[in-house]
Amino acid sequence: MSEWTKKGPLEWQEYTYKEVRVTACEKEFRGWVLTTDPVSANIVLVNFLDDGSLSVTGIMGQTVQSVETLGEGDWRTRERLTHLFSSGHCEGYSL
Amino acid sequence: GVPGAAEPLESREQQVRASLRERYLRSLLAMVGSQVSFTLHAGVQVTAHFGATDLDVANFYVSQLQTPIGVQAEALLRCSDIIAYTFRP
């Protein structure tokens, strides 16, 4: 079992909205942390692409060897991440 | 007392846990029906349409799984065989 899976919610939360480099099974992944699933310890990274679209990568918690913080997001990045997949767009159903 | 000043660590942890989990479930919801690329152990890359997962995220139910030996109409991927998955929402 990896060190990452042994962390708790408060420790995982510290990485949220930060730019990180994750090493898992000798492979490297980079992106902004959207969340870490407290059940599986899976990390979800978001990358903003040049054409305005997004790429979302989930990394299985069990395979994570290290997570290195590369930078803090500015308010705009944070805003984009906060609203990503949020329930806001469901308002239309609550008539 | 002052609200939040003496909030027990346990309840703060529970709140954070709930918010992390909710965001994770929403990311899975956004993935339903998407074409997902899976990086498996042994360097194998496969793509499939994501359908569902179980509560503890132990299996991914997918369709149109494209493997090096052909297309599987429906399949269950064990998460223990997966390193990572990527999709474009």
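**Chatting through a two-chain model**

Biologist: Let me start at the surface: are Glu3(A) and Lys6(A) buried or exposed?

Modeller: Glu3(A) and Lys6(A) are both exposed, where exposed means over 50% relative accessible area, buried means under 20%, and partly exposed lies in between, with a 1.4 Å probe and protein chains only. Please keep in mind that this is a predicted model, in which local features need pLDDT of at least 70 and side-chain atom pairs count only at pLDDT 80 or more, while totals for chains, interfaces and linings use all residues. Residues are numbered from 1 along each chain as its sequence is written, chains are lettered from A and ligands numbered from 1 in the order in which they are written, and side-chain values use heavy atoms, with hydrogens and water left out.

Biologist: OK, and where do Glu3(A) and Lys6(A) lie?

Modeller: They both belong to helix 1 of chain A, residues 3–6, and stand 3 residues apart, which is about one turn of the helix. Helices (H or I, at least four residues) and strands (E, at least two) are DSSP runs, numbered from the N terminus.

Biologist: What do the side chains of Glu3(A) and Lys6(A) do?

Modeller: They meet in a salt bridge, with 3.4 Å from N to O, and the term stands for a side-chain nitrogen of Lys or Arg within 4 Å of a carboxyl oxygen of Asp or Glu. In general, side chains of opposite charge can pair when their charged atoms come close.

Biologist: How many salt bridges are there over all chains?

Modeller: A search of the whole structure finds 7. One of them joins the side chains of Asp37(A) and Arg21(B), at 2.8 Å from N to O. This pair crosses between chains, running from Asp37(A), in the loop between strand 2 (27–36) and strand 3 (43–48) of chain A, to Arg21(B) in helix 1 of chain B.

Biologist: Why does Asp37(A) count as buried, and what about Arg21(B)?

Modeller: Asp37(A) counts as buried because its relative accessible area is 0%. Arg21(B) is classed as buried too, because its relative accessibility is 14%.

Biologist: Which side chain does Arg78(B) meet in a salt bridge?

Modeller: Arg78(B) meets the side chain of Asp81(B), at 3.1 Å from N to O. Asp81(B) is partly exposed, because its relative accessible area is 33%.

Biologist: Changing topic, what is the overall layout of chain A?

Modeller: Chain A has 3 helices and 5 strands, and along the sequence they follow the pattern α-α-β-β-β-β-β-α. Of its 95 residues, 47% are buried.

Biologist: What about the backbone, where is phi positive in a residue other than glycine?

Modeller: Cys25(A) is one of these, with a phi near 50°, and Glu26(A) also has a positive value, near 65°. As a general rule, most residues other than glycine have a negative phi, and most peptide bonds are trans. Cys25(A) sits in the loop between strand 1 (18–24) and strand 2 of chain A, and Glu26(A) is placed in the loop between strand 1 and strand 2 as well. Cys25(A) is partly exposed because its relative accessible area is 28%, whereas Glu26(A), at 68%, is exposed.

Biologist: Now chain B: how far is Thr47(B) from Tyr85(B)?

Modeller: Their C-alpha atoms are separated by 9.1 Å, although the two residues are 38 apart along the chain. Thr47(B) lies in strand 2 of chain B, residues 45–53, and with 23% relative accessibility Thr47(B) is partly exposed. Thr53(B) lies in strand 2 of chain B too, and is partly exposed at 25%.

Biologist: Last one: what are the confidence scores?

Modeller: The model scores ipTM 0.89 and pTM 0.89. Chain B has a mean pLDDT of 90, with 93% of its residues at 70 or more, where pLDDT is the predictor's confidence in each residue, from 0 to 100.
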